[in-house]
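Subject: Structure handover

Hi,

Here is the structure for you to look over. My notes on what turned up follow below it.

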Amino acid sequence: MEQRTALVTGANKGIGYEIAKGLGSKGVKVWAAARSEERGKEAVEKLREEGVEVEFLQLDVTDEASIAAAVAQMQSLDILVNNAGIALADGGWNTSELTVATTRKVFETNVIGVVAVTNAFLPLLRKSEAPRIVNVSSEVGSFGFMTGDHEFAKMQGGAYAASKSALNMLTVSYAKEFKDTPIKINAMTPGYTKTDLNHNQGWRDPALSAKVAIDLSLLDETGPNGGFFQEGLEYHKDTTVPW
Ligand code: NAP
């Protein structure tokens, strides 16, 4: 197989940066996508210093013109990692406190952005021998974790959790559509990770959290399609997350 090519959205920092770095270390050519040219190019410089074969791609997942321009720059694509995401709330995390503007913003990035990017890159992915799509979701998007006896059932998730549940259902729907094709699409949760998203309150190392996304990016033809996975989270034994 020829050298594989991956695109990681929101690759300029946090978990996305580590996914880009990890894929690069496995010999994948990476397109590190970021909405800010300045932040993206800075990250690309750092990734190159770490030995990653990487190109910068300007891509704001909420901007269709930016997505179209990014598609036009690429000749091939094997792996798409939909990592870009935001977690906004108004006041506390209570759903009753949410403004329409915040709710719209969160869904625009975490849900609609994934549809926009995935569908725009699908024609290129369909030309690949082993296309893989990884959606970076969250355990707070899991109904199984957020209800019943699970410890997460005590938490409020606001628009963020709802957006990740929607992303999970998109993953299921795409997987059904792709089941007789070489495309595999899966969702993963990184776990509570130390990044700007949670003001660095998370306890997991972003490089460790990136690992399951890297594994799902490199699945062989026997790998799963339409699953939701985690890796080594402290509070669960299984790698499969309930929807
Ligand atoms: P982060 O450090 O805040 O990184 C988020 C990335 O997304 C940044 O590169 C950001 O770019 C980018 N982004 C935001 N809006 C974008 C847009 N419209 N277009 C393109 N890029 C955009 O957070 P993170 O923790 O690494 O988050 C990565 C993913 O993991 C997210 O999907 C998040 O929901 C998920 N996740 C994180 C945790 C956690 O505990 N950290 C847990 C579960 C799931 P800028 O630098 O320009 O803002």
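This is a predicted model: local features need pLDDT of at least 70, side-chain atom pairs count only at pLDDT 80 or more; totals for chains, interfaces and linings use all residues.

Arg-132 has Lys-184 as its bridge partner in strand S6.

Is S5 mostly covered or mostly open? Mostly covered: five of its five residues (132–136) are buried. Arg-132, Val-134 and Val-136 point one way from S5, while Ile-133 and Asn-135 point the other way. In a regular strand, side chains alternate between the two faces of the sheet. Both sets in S5 are buried.

Next, helix H2. It runs over residues 37–49, 13 residues in total. Its first and last C-alpha atoms are 18 Å apart, close to the 18 Å expected at 1.5 Å a residue. Gly-40, Ala-43, Val-44 and Leu-47 are its buried residues to look at. They lie on the same side of H2, because they cover an arc of only 105° around the axis. What do the buried residues of H2 pack against? Helix H1 (14–25), strand S2 (29–34) and strand S3 (54–58). The face turned away from that buried side carries Glu-38, Glu-42 and Glu-49, which are exposed.

Both ends of H2 deserve a look. After H2 comes Gly-51, with a positive phi near 90°.

Last, Ser-66. This residue lies in helix H3 (residues 64–72). Why does Ser-66 count as buried? Because its relative accessibility is 6%, and the cut-off for buried is under 20%. Leaving aside residues up to four places away in sequence, Ser-66 touches Gln-58, Leu-59 and Asp-60. Two of these contacts can be given in detail. The Ser-66 side chain makes a polar contact with the side chain of Gln-58, at 3.3 Å. A polar atom of the Ser-66 side chain also lies 2.7 Å from the backbone nitrogen of Asp-60. Further along the chain, Val-117 is 51 residues from Ser-66, and their C-alpha atoms are separated by 10.0 Å.

Best wishes

Key
Residues are numbered from 1 along each chain as its sequence is written. Side-chain values use heavy atoms; hydrogens and water are left out. Helices (H or I, at least four residues) and strands (E, at least two) are DSSP runs, numbered from the N terminus. Buried means under 20% relative accessible area, exposed over 50%, partly exposed in between (1.4 Å probe, protein chains only). Contact means heavy atoms within 4.5 Å. A polar contact is a pair of N or O atoms within 3.5 Å; within protein, one must be able to donate a hydrogen and the other to accept it, and residues adjacent in sequence count only if both atoms are side-chain atoms. Two strands pair if DSSP finds at least two bridges between them. The expected span of a helix is 1.5 Å times one less than its number of residues. The arc is that of the directions from the helix axis to the C-beta atoms.
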